[in-house]
Protein chains: 2
Amino acid sequence: MSDNHGRVINFGAGPSALPLSVLEEAQKGLLNFSGTGIGIAEVSHRSKEFTAFVDQVEKNIRTLLDVPPTHRILLTQGGGTAQFSVVVLNLLARHRLLHPTATPEETTLDYVVTGSWSKKAAEEARRLTAGHATVRTVVDARVYSKDGQSFDNVPPHAEFRFSARPALVHYCENETVDGVEFAHDAQSPAAFPFDRLLETAGAGGGALVPLVADYSSSFLCRPIPRLADHAVIYAGAQKNLGPAGLAILIVREDCIVDVDAAARLGAPPVPLILSYKQLADHGSLYNTPSVFAIYVAGLVLERMKASGGLLYYEAVNKRKAQKLYAVIHEGEQKGLFRRKVQQGSESWMNVVFEVLGEGSENKFLEGAEQEGMKGLKGHRSVGGIRVSLYNAITEPEVDKLIAFMTHFMKESSSKSEVNAV
Amino acid sequence: MSDNHGRVINFGAGPSALPLSVLEEAQKGLLNFSGTGIGIAEVSHRSKEFTAFVDQVEKNIRTLLDVPPTHRILLTQGGGTAQFSVVVLNLLARHRLLHPTATPEETTLDYVVTGSWSKKAAEEARRLTAGHATVRTVVDARVYSKDGQSFDNVPPHAEFRFSARPALVHYCENETVDGVEFAHDAQSPAAFPFDRLLETAGAGGGALVPLVADYSSSFLCRPIPRLADHAVIYAGAQKNLGPAGLAILIVREDCIVDVDAAARLGAPPVPLILSYKQLADHGSLYNTPSVFAIYVAGLVLERMKASGGLLYYEAVNKRKAQKLYAVIHEGEQKGLFRRKVQQGSESWMNVVFEVLGEGSENKFLEGAEQEGMKGLKGHRSVGGIRVSLYNAITEPEVDKLIAFMTHFMKESSSKSEVNAV
């Protein structure tokens, strides 16, 4: 492994693997960024070299995701958890300006709860808007789970109950902890029910529907379905895009509002650095941004463009996920593995399963680590195995994991046969 | 310069120079952090290697600054500007819990305004607390300036008017834009009037005085005078400590309060990631932190410890500033330069002056750049020259600038003599 700087394969859920070529480029940038004679961690965010770099980052995101001119692309510090609060404050301000006399009961925030992160987002909304608004659960996926308490599915469309005039509707596209993801095929029963939402929440007429998606762990793994129907899409960078400390926001113009005017009408005050308008008015450079994280994200975006864009990544990611689910299925037939997510709702990015039998999971993790594969332990709240297949994980790396799993199954089967004798 | 990776001397005000040895170490860490086989921008913030690293960062800050056990050290995202809002929300919550029935008029936030940043902090407090509190100016240094409108001094102690029971008292120790700093010699008339504050604001008895200092651009350049008398000290990392995207907070235990309990009593709601208590309860790891920035800061701290700690840096920084002010003084005698800050209030970290004569400043900047010195342009709001002398700037680098300035003076003098003939 010496040609590889002693690096292992990192299947961690985030912060997560970055392409080696990007890291090698970043090594150079640390000492001298763009011929300035100054390293990227030292360069002024107001320098012409860095502002040009930021412009290019925005352009590349716009091109890769085909973001329409109705939407702004903003870069900010923090990750998904910060955005749980930010989106509430900004969209509550928007709602207040549209409906200045709405009571807390009439000011509804709709949350689709399909996993640990969307549940957490709803909890933060409830905490932050106490006395100002009413947080509703559109649907709770646990009700439709196999055991009645796990997040293992996207519920049937008929079970989604949207408000007629919500301040926001929030969903999490991919649940990193639980491995549940909305299907991208519009015909799938596990797709997000866009039409149902637009019928209900758009029924008031006039204002656009404030649909919000947390795309943290599936951002840029493939195109975003019906992007233009979203009001806000946000994503922490530390999965497919770059280091921790950076979030990308795609915000429709009608959601960029004067939060101070809203506060004068009774909406909660918004810290300046959390205001979409403040970010947008200053081209994401109101205060010093997370310069290094933006830089690495920029290198990743250039690489993505050169590799063929999102259709390329979609094809590769689909293959990676399909072959991994196939071997898990094989193990399930043999009584060695158990899938945790119901068919059709499985994530491409975070594949979760259990290894059956006492001590087997530890054996699995140790065996994988011995072969140079790390980050496979499931989230501490749910246990099991989690394989994160972000863009930087190559197909040969997945093949290596699959070879290990196949070997592991063979070993386990022969042992149980011996025991059975 | 090829042995130096084409690097120039970076006198920029922030993000700013980092030690070359730290950057070279960080290059290695980018590919493989602490023998994990995973790069620092990819490693889980919950890994035992990274949590141990964070613990050591906190310990090193505590040791270097001699932080007493009454104060917690917290790491968070964002920089100084974010903390303008954060400190207001948390200390307003503290005040509400102490004085549940205080009217907005009785809830005062005291701001000492000695430069652009403290002015901005006060403006954010005013914006954020409209209807909840009253923001007062303790003193405005412009009143005592040479031209009646610039920030060029620390005002006389007798002019500081503190409230009797403030929710917070805020000052900015070093004003990065204006080059004004409080003197560290307690006997100096330009020292912060700690005793005057404690007499007035402590007169209510009981509760500790909520003194807040923005130390962004002078953090770790020397020991902090009367650190234990502060309630909150905050600093963006991107001056003496590390890359942008990280702030260090030193918070006295009585300021770590239940913001939700305060909100139920009418204080503004606080986004979870901005709550001191949330940070403290999770050892600064509630959500994914700015891992790379923490890492580089950690390397800088190790280097500081090895170099002899803050007394060493204090001695070097003092020499650097004194010799630079001496040559500016020399230029002033010759009518070529003009100091902008009144004697006694000059910053060690950001030395500001003007080069007299039309076009002279550009000539100065171009000449310096030709000799490999960059980042000398004053902040766009005030113009002139600004030399930032953060810890990573070595004495030989300052000597090189001084040699250039001496040469520049010689050239300018001989030209004016020619013109005079």
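**Exercise 1.** Determine how helix 1 of chain A and helix 8 of chain A are oriented to each other.

*Solution.* In this predicted model, local features need pLDDT of at least 70, side-chain atom pairs count only at pLDDT 80 or more, and totals for chains, interfaces and linings use all residues. Residues are numbered from 1 along each chain as its sequence is written, chains are lettered from A and ligands numbered from 1 in the order in which they are written, and side-chain values use heavy atoms, leaving out hydrogens and water.

Begin with the axes: those of helix 1 (residues 20–31) and helix 8 (residues 291–307) of chain A come within 10 Å and cross at roughly 135 degrees. Here helices are DSSP runs (H or I, at least four residues) numbered from the N terminus, and axes are lines fitted to C-alpha atoms over the stretch in contact, with angles from 0 to 180 degrees between N-to-C directions. Helix 1 of chain A and helix 8 of chain A are therefore oblique to each other (under 35 degrees counts as roughly parallel, over 145 as roughly antiparallel, 65 to 115 as roughly perpendicular, the rest as oblique).

Next, identify the residues that meet (contact means heavy atoms within 4.5 Å): among them are A:Ala26 and A:Leu30 from helix 1 of chain A, and A:Phe292 and A:Leu299 from helix 8 of chain A.

**Exercise 2.** Describe how helix 1 of chain A packs with helix 1 of chain B.

*Solution.* The angle between helix 1 of chain A and helix 1 (residues 20–31) of chain B is about 175 degrees, and their axes are 9 Å apart. These two helices are therefore roughly antiparallel to each other. The residues making the contact include A:Leu23, A:Gln27 and A:Leu31 on one side and B:Leu23, B:Gln27 and B:Leu31 on the other.

**Exercise 3.** Work out which rotation superposes chain A on chain B.

*Solution.* A rotation of 180 degrees, with 0.0 Å of shift along its axis, superposes chain A on chain B with an RMSD of 0.0 Å (least squares on the C-alpha atoms of residues with pLDDT of at least 70 in both). That is the relation of a two-fold axis. Within chain A, the C-alpha of A:Gln27 is the nearest to the axis, 2.5 Å from it.

**Exercise 4.** State how much area chain A and chain B bury between them.

*Solution.* In the interface, 60 residues of chain A are in contact with 60 residues of chain B. The two chains bury about 4900 Å² between them, 59% of it on carbon and sulfur atoms (buried area is the accessible area, with a 1.4 Å probe, that two parts lose on being put together, summed over both). Of the area that chain A buries against chain B, A:Leu31, A:Glu42 and A:Arg127 supply 15%, more than any other three residues.
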